Amino acid sequence: MDWPHSCFSLCWILWAASRLRVIEAAEGKYAQKLFNDLFEDYSNALRPVEDTDKVLNVTLQITLSQIKDMDERNQILTAYLWIRQIWYDAYLKWDRDQYDGLDTIRIPSDLVWRPDIVLYNKADDESSEPVNTNVVLRYDGLITWDSPAITKSSCVVDVSYFPFDDQQCNLTFGSWTYNGNQVDIFNALDSGDLSDFIEDVEWEIHGMPAVKNVITYGCCSEPYPDITFTLILKRKSSFYIVNLLIPCVLISFLAPLSFYLPAASGEKVSLGVTVLLAMTVFQLMVAEIMPPSENVPLIGKYYIATMALITASTALTIMVMNIHFCGAEAKPVPQWARVVILKYMSKILFVYDVGERCASPRHSKEQEHHQKDGKLPELRRKGPRNRDNNISRKKEINGLLNNDLGTQGENPKEADSYCARYMALTRNIEYIAKCLKDHRTNNAKGIEWKKVAKVIDRFFMWIFFIMVFAMSILIIAKA
């Protein structure tokens with residue numbers, strides 16, 4: 001039972017294949033005959049209308065396939081487009097019944113008349129005309145021409161809010177030689193077709209509206225229609241946030257830390273200069289991307305403001321270091337500075353005396369209590385015993401001196417000699433005590449100036465931290 005069925009199937013397939021070859025041969029035969037008949041007396045140099053006063057309508061449709069490049073510095077947009085143009089040719093019509101029902105043929109586009117629709121705002125030296133692909137010719141004279149094209153168009157780039165900016169680039173198409181009384185252009189859709197758009201890594205597409213414009217130029221009185229497609233782009237800012245903005249914010253927070261660095265380390269100015277150089281490198285990177293225009297980008301403004309803060313912090317650091325290294329030759333701390341800086345600001349900013357351990361509040365409380373009593377801790381803890389010891393020592397010294405003078409008093413010359421020696425010794429001791437007192441006074445003066453410098457350092461550190469934080473919040477808010 002399977003053999004007859006298999007033979008029947010095989011015969012049917014062979015018959016269908018032979019019939020298809022016959023149809024294709026017949027279609028090819030009629031297509032060749034139709035081609036010869038249509039183009040026997042046809043010329044593609046003239047506008048295909050029966051009446052020269054009649055307007056030829058061209059329907060234009062643009063499909064955006066890909067954004068190949070957006071050169072902000074040179075303000076050039078490179079895009080890959082599919083361009084569809086539809087028009088009627090009055091000399092390319094036929095009766096389908098005479099050609100075995102053949103309704104469409106595909107022929108090279110250079111054989112038929114084509115509208116000279118070009119991109120008005122192209123920015124390249126080379127020709128950006130569509131590729132010479134085939135056109136689809138219908139029996140009623142309707143011609144459909146689909147062709148790909150890579151266009152480079154000029155685009156006015158506004159980088160005021162870079163890298164959080166939006167751009168609008170225009171693609172204006174129109175006839176180069178025919179005016180609106182000869183060739184008129186219409187939109188196939190209200191906007192460009194984005195159904196086949198390949199997602200770009202840097203830009204988001206938010207629309208491509210199309211508008212028809214009729215312009216009368218100063219050279220000619222005839223109207224010239226064109227269609228302008230506005231490509232609305234929004235930049236994806238993640239790349240620039242990670243590579244330009246976050247490093248800048250982190251580096252800018254290092255500038256206030258130069259005030260926290262001890263002046264004795266000798267690295268305060270070096271830190272400020274290093275941070276300034278780092279910010280300069282980032283500023284140059286942004287300048288290489290942006291066009292040379294008067295509109296400074298938002299991130300560029302942030303860099304300039306941060307560099308100004310770093311420069312100011314470095315200058316203030318040098319002034320504070322001069323205050324820190326005020327020695328014995330400096331004048332005493334003014335009274336207003338003692339009250340404002342040493343008394344109030346030091347407590348507000350939690351700045352302690354040089355050598356004081358801020359981590360031991362018990363020690364500081366005891367020291368303040370002892371200073372109020374006017375006594376040292378050891379003297380307060382062992383006051384009576386030390387007082388008795390001092391009195392006994394004085395008595396012993398006086399007794400020794402009296403005994404010494406008494407034993408030596410038998411010889412008046414020797415007594416006078418000993419008296420002179422004791423007077424010289426007393427003068428030397430008084431001189432040493434005075435020098436020690438002056439030394440302590442000078443040290444106390446230098447310690448006061450160091451504390452003043454430390455308080456000023458701490459004050460500017462918080463001020464600059466607040467300013468850097470405020471600028472960072474401001475740039476994020478504007479984004």
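**A tour of the predicted model**

Select helix H4 (residues 268-289) together with helix H5 (residues 298-324): their axes come within 9 Å and cross at roughly 165°. Axes here are lines fitted to C-alpha atoms, for helices over the stretch in contact, and angles run from 0 to 180 degrees between N-to-C directions. Helices (H or I, at least four residues) and strands (E, at least two) are DSSP runs, numbered from the N terminus.

The model is predicted: local features need pLDDT of at least 70 and side-chain atom pairs count only at pLDDT 80 or more, while totals for chains, interfaces and linings use all residues. Residues are numbered from 1 along each chain as its sequence is written, and side-chain values use heavy atoms, with hydrogens and water left out.

H4 and H5 are therefore roughly antiparallel to each other, a term for angles over 145 degrees. Displaying the side chains shows residues of H4, among them Val269, Val273, Leu276 and Phe282, meeting residues of H5 that include Ile299, Tyr303, Ile310 and Met321. By class, this contact of H4 with H5 has 14 nonpolar, eight polar and one charged residues. Nonpolar covers Ala, Val, Leu, Ile, Met, Phe, Trp, Tyr, Cys and Pro; charged covers Asp, Glu, Lys and Arg; the others, Gly among them, count as polar. Contact means heavy atoms within 4.5 Å.

Next, select helix H6 (residues 335-348), which has 14 residues. H6 reaches 19 Å from its first C-alpha to its last, close to the 20 Å expected at 1.5 Å a residue; the expected span is 1.5 Å times one less than the number of residues. Colour Ala337, Ile341, Leu342, Met345 and Ser346, the buried residues of H6. Buried means under 20% relative accessible area (1.4 Å probe, protein chains only). Phe350, which follows H6, has a positive phi, near 60°.

Val157 is buried, with a relative accessible area of 8%. Beyond residues up to four places away in sequence, Val157 touches Met70, Glu72, Gln75 and Gln167. Val157 and Arg73 are 84 residues apart in sequence, yet 8.5 Å apart in space, C-alpha to C-alpha.

Within S6 itself, select Thr151. Thr151 is buried, at a relative accessible area of 1%. Its contacts, leaving aside neighbours within four places in sequence, are Leu77, Thr78, Ala79, Leu81 and Leu119.

Finally, display the whole chain, which has ten helices and eleven strands. Of its 479 residues, 33% count as buried.

Conventions:
Buried means under 20% relative accessible area, exposed over 50%, partly exposed in between (1.4 Å probe, protein chains only). Angles under 35 degrees count as roughly parallel, over 145 as roughly antiparallel, 65 to 115 as roughly perpendicular and the rest as oblique.
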